[in-house]
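Please look over the sequence and the structure before reading on.

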2 protein chains.
Amino acid sequence: MPDLSRRRLLTGAGIVVGAGAAAAAGAGLVRQAQPAPVEADALGGAIPFHGAHQAGIATPVQDRLYFAAFDLSTDSREKVVAMLQAWTAAAVRLTAAQEVGGGATGAEPAPPDDTGEAIGLPASRLTLTVGFGPSFFDKLKLPGPERLKELPHFPADKLDPARSGGDVCVQACADDPQVAVHAVRNLVRIGFGTVSVRWSQLGFGKTSSTTPDAQTPRNLMGFKDGTNNIAGTDRKKLDEHVWVGDEGPEWMRGGSYLVARRIRMHIETWDRTSLKEQEDIFGRTKREGAPYGGTREHDPVVLDRMPIDSHVRLASPASLSGATILRRGYSFTDGSDGLGRLDAGLFFLAYQRDPEKGFIPIQRALAATDPLNEYIQHVGSGVFACPGGVRPGSFWGQGLLD
Amino acid sequence: MPDLSRRRLLTGAGIVVGAGAAAAAGAGLVRQAQPAPVEADALGGAIPFHGAHQAGIATPVQDRLYFAAFDLSTDSREKVVAMLQAWTAAAVRLTAAQEVGGGATGAEPAPPDDTGEAIGLPASRLTLTVGFGPSFFDKLKLPGPERLKELPHFPADKLDPARSGGDVCVQACADDPQVAVHAVRNLVRIGFGTVSVRWSQLGFGKTSSTTPDAQTPRNLMGFKDGTNNIAGTDRKKLDEHVWVGDEGPEWMRGGSYLVARRIRMHIETWDRTSLKEQEDIFGRTKREGAPYGGTREHDPVVLDRMPIDSHVRLASPASLSGATILRRGYSFTDGSDGLGRLDAGLFFLAYQRDPEKGFIPIQRALAATDPLNEYIQHVGSGVFACPGGVRPGSFWGQGLLD
């Protein structure tokens with residue numbers, strides 16, 4: 001029924017409010033009222049866009065990521081509403097392996113609605129997740145959620161403003177990077193005149209799993225980290241630690257706060273460290289990923305068996321009064337750094353119900369004593385309020401902006 | 001038998017000549033004489049490293065690319081030989097889904113030989129292809145092949161020196177980007193003290209096929225381009241247009257010349273162009289990829305039916321006295337450009353027997369009149385002589401350097 005909701009939206013009042021490119025893109029969507037239905041599941045797995053929560057948080061982690069942070073180029077709420085409506089309509093189609101706008105014909109003088117590079121590709125489990133940064137609320141003079149604050153400075157942070165912040169973010173995850181890049185690019189295009197890209201990050205390989213008992217993929221240090229991640233099926237833990245509840249404004253309920261960190265790894269230094277030291281730093285064996293004292297990855301972490309300052313011990317909820325996050329991390333490499341070294345590392349995405357009980361205490365503990373700090377540096381950062389799920393006929397952030 | 005050749009190599013005279021990191025890495029390889037054999041085919045497809053030609057040229061195009069260009073940090077041929085020996089030994093293992101060095105044990109004080117992030121991953125059709133730039137021969141005072149010359153300047157080139165040139169290149173192609181990045185990173189590590197990374201490029205999606213009749217993947221303009229590519233199975237065309245024959249120095253026979261170009265696409269401008277104009281520019285339909293006058297992608301190109309300045313017509317061998325290349329292209333996106341736009345495009349790799357009869361005349365024709373020039377810009381460039389295939393017991397460039 002996604003098509004029904006799309007048409008309902010597009011023939012409703014919302015879309016005509018907008019001006020400029022967002023509205024034009026919306027108009028483009030109207031042109032073809034009956035796009036051919038696509039059997040998305042048969043085409044490689046489509047993940048439903050609508051639901052109580054945004055997809056892409058508890059969803060089993062897809063292989064690839066494209067993440068974009070945007071700056072508003074307007075302070076007009078109406079323009080932002082129009083864009084978010086058009087984005088939502090596009091996202092419903094994109095996540096179902098349909099072209100934005102339903103495909104243009106050669107007879108029309110207008111550019112094609114869809115940029116085309118994903119034609120014929122399956123849905124590839126694409127999810128699109130949207131969040132709003134603290135500056136979004138300032139610029140639009142909207143009350144921000146109490147729990148959304150700029151992150152504190154952590155020792156050894158070396159944040160590049162050109163890779164930090166942003167009024168709006170879009171996390172695109174998919175098993176095919178072409179599908180993820182195509183989705184973001186089409187949202188960029190629809191948003192022209194309302195938002196522009198502030199920074200973006202391609203993640204080539206996932207380093208997290210939210211599937212219970214699945215092997216955790218390795219990061220660029222060669223280790224399995226974040227094994228004790230919250231499972232996407234663990235409703236109790238999700239409700240306790242990830243989803244915003246009654247404490248939040250209504251539009252945030254079922255949503256979550258996202259902290260994004262670009263963590264550069266000094267892989268050359270790491271690679272000169274002995275296996276013993278590497279394993280002591282993590283508190284896990286490299287080959288199996290087993291915590292010290294165990295033999296398999298998912299064996300329980302027994303803190304007494306860990307070196308006192310090991311990464312696993314420091315980051316453990318038991319060491320941090322229960323502070324915990326849902327982690328979606330991706331390896332990146334962005335060329336070289338001008339000094340003959342690869343610019344590579346971890347793009348870390350943490351979802352939580354309250355950053356003060358999630359990322360912030362964890363990072364405070366790690367920034368103070370984690371021996372990993374010799375080998376990593378946080379060089380980019382953002383924090384975003386990701387609203388609850390989108391109901392059919394609604395749009396991203398409707399409860400906030402309406 | 002790859003293991004036999006590896007041991008033969010490592011106990012031979014070559015490896016002990018080298019000094020520094022390359023030799024140290026070689027020594028690491030000796031530690032474990034009998035690595036556990038890996039059933040690479042069962043693990044996801046291993047492509048044989050040895051052969052008459054380097055793998056990665058006529059090999060069916062893999063999904064992902066990681067390409068690195070290196071500068072020599074030495075003028076010692078001995079150090080370069082030692083590195084190339086160690087690289088070859090590592091490549092034999094990497095392409096067979098084996099760890100570099102066979103895996104270290106925790107008891108040893110030395111760092112692990114392998115950085116570890118590909119442990120457990122299948123071979124993923126990894127190929128590693130090495131080439132030498134004109135500056136390689138200058139720096140090592142070696143006679144370069146006559147056909148290897150710096151490329152001429154083409155109109156509208158806007159080459160960034162930080163993304164151009166290089167003494168040595170490594171093209172890593174694999175279906176899993178983690179496998180490709182892991183391979184390059186381990187070669188970087190082995191090469192420490194002998195080479196350093198000048199620039200590198202991740203290609204997230206292939207845009208070329210060398211498999212006859214296969215659908216050509218789409219580039220970021222949404223088009224199928226390079227459909228009339230040389231098939232990797234077309235021995236006659238490969239011998240005529242790709243592989244160096246008797247005209248080249250002995251070490252280049254069976255090799256090829258590689259031209260690499262980083263082509264930025266102005267996708268925002270392209271996306272504002274009508275479908276009709278887009279199709280006229282390529283001379284193909286967008287949806288099917290059919291040449292004008294045809295209905296399917298692989299229908300023959302009839303030049304008379306193309307707009308006179310269409311890309312397909314200008315680049316056609318029939319328009320260019322037979323000039324032709326084997327094309328391996330990958331889409332890239334490297335964040336945003338500071339102006340709110342995605343830095344995205346095509347990383348174009350052309351293999352040919354003679355650049356003067358391949359890339360150079362094609363690019364001369366395109367640079368002069370291709371209407372695509374309004375939407376693209378060449379921003380990085382390199383040319384490399386890729387030696388013939390490596391025989392068991394030999395190493396990359398042995399015929400040149402011995």
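This is a predicted model: local features need pLDDT of at least 70, side-chain atom pairs count only at pLDDT 80 or more; totals for chains, interfaces and linings use all residues.

Chain B and chain A bury about 4400 Å² between them. No disulfides turn up in any chain. Helix α11 of chain B is largely enclosed by the rest of the structure.

**Interface: extent**

- On chain B, 54 residues are in contact with 54 residues of chain A.
- Of the roughly 4400 Å² that the two chains bury, 56% lies on carbon and sulfur atoms.

**Interface: polar links and make-up**

- Four salt bridges are found across the interface of chain B and chain A.
- One salt bridge pairs Arg185(B) with Asp271(A). Their closest N and O atoms are 2.9 Å apart.
- Between chain B and chain A, 20 residue pairs are in polar contact, both residues at pLDDT 80 or more.
- Several elements of chain B each give two or more residues to the side that touches chain A. The helices are α6 (177-190), α8 (267-270) and α9 (275-282). The strands are β1 (64-72), β4 (195-203) and β7 (326-336).
- By class, that side of chain B has 21 nonpolar, 19 polar and 14 charged residues.

**Cysteines**

- The cut-off for a disulfide is 2.5 Å.
- Seen from Cys386(B), the closest cysteine sulfur is in Cys169(B), at 5.1 Å.
- Cys169(B) is buried, because its relative accessibility is 0%.
- Cys386(B) also counts as buried, at 1% relative accessibility. The limit for buried is under 20%.

**Helix α11 of chain B**

- Helix α11 spans residues 359-369 of chain B. Eight of its 11 residues are buried, so the rest of the structure largely encloses the helix.
- Which residues of α11(B) are buried? They are Phe359(B), Ile360(B), Pro361(B), Ile362(B), Gln363(B), Ala365(B), Leu366(B) and Ala367(B).
- The cover over these buried residues includes helix α10 (311-315) of chain B. It also includes strands β6 (256-265), β8 (342-352) and β9 (376-386) of chain B.

Conventions:
Residues are numbered from 1 along each chain as its sequence is written. Chains are lettered from A and ligands numbered from 1 in the order in which they are written. Side-chain values use heavy atoms; hydrogens and water are left out. Buried means under 20% relative accessible area, exposed over 50%, partly exposed in between (1.4 Å probe, protein chains only). Contact means heavy atoms within 4.5 Å. Buried area is the accessible area (1.4 Å probe) that two parts lose on being put together, summed over both. A salt bridge is a side-chain nitrogen of Lys or Arg within 4 Å of a carboxyl oxygen of Asp or Glu. A polar contact is a pair of N or O atoms within 3.5 Å; within protein, one must be able to donate a hydrogen and the other to accept it, and residues adjacent in sequence count only if both atoms are side-chain atoms. Helices (H or I, at least four residues) and strands (E, at least two) are DSSP runs, numbered from the N terminus. Ala, Val, Leu, Ile, Met, Phe, Trp, Tyr, Cys and Pro count as nonpolar, Asp, Glu, Lys and Arg as charged, and the others, Gly among them, as polar.
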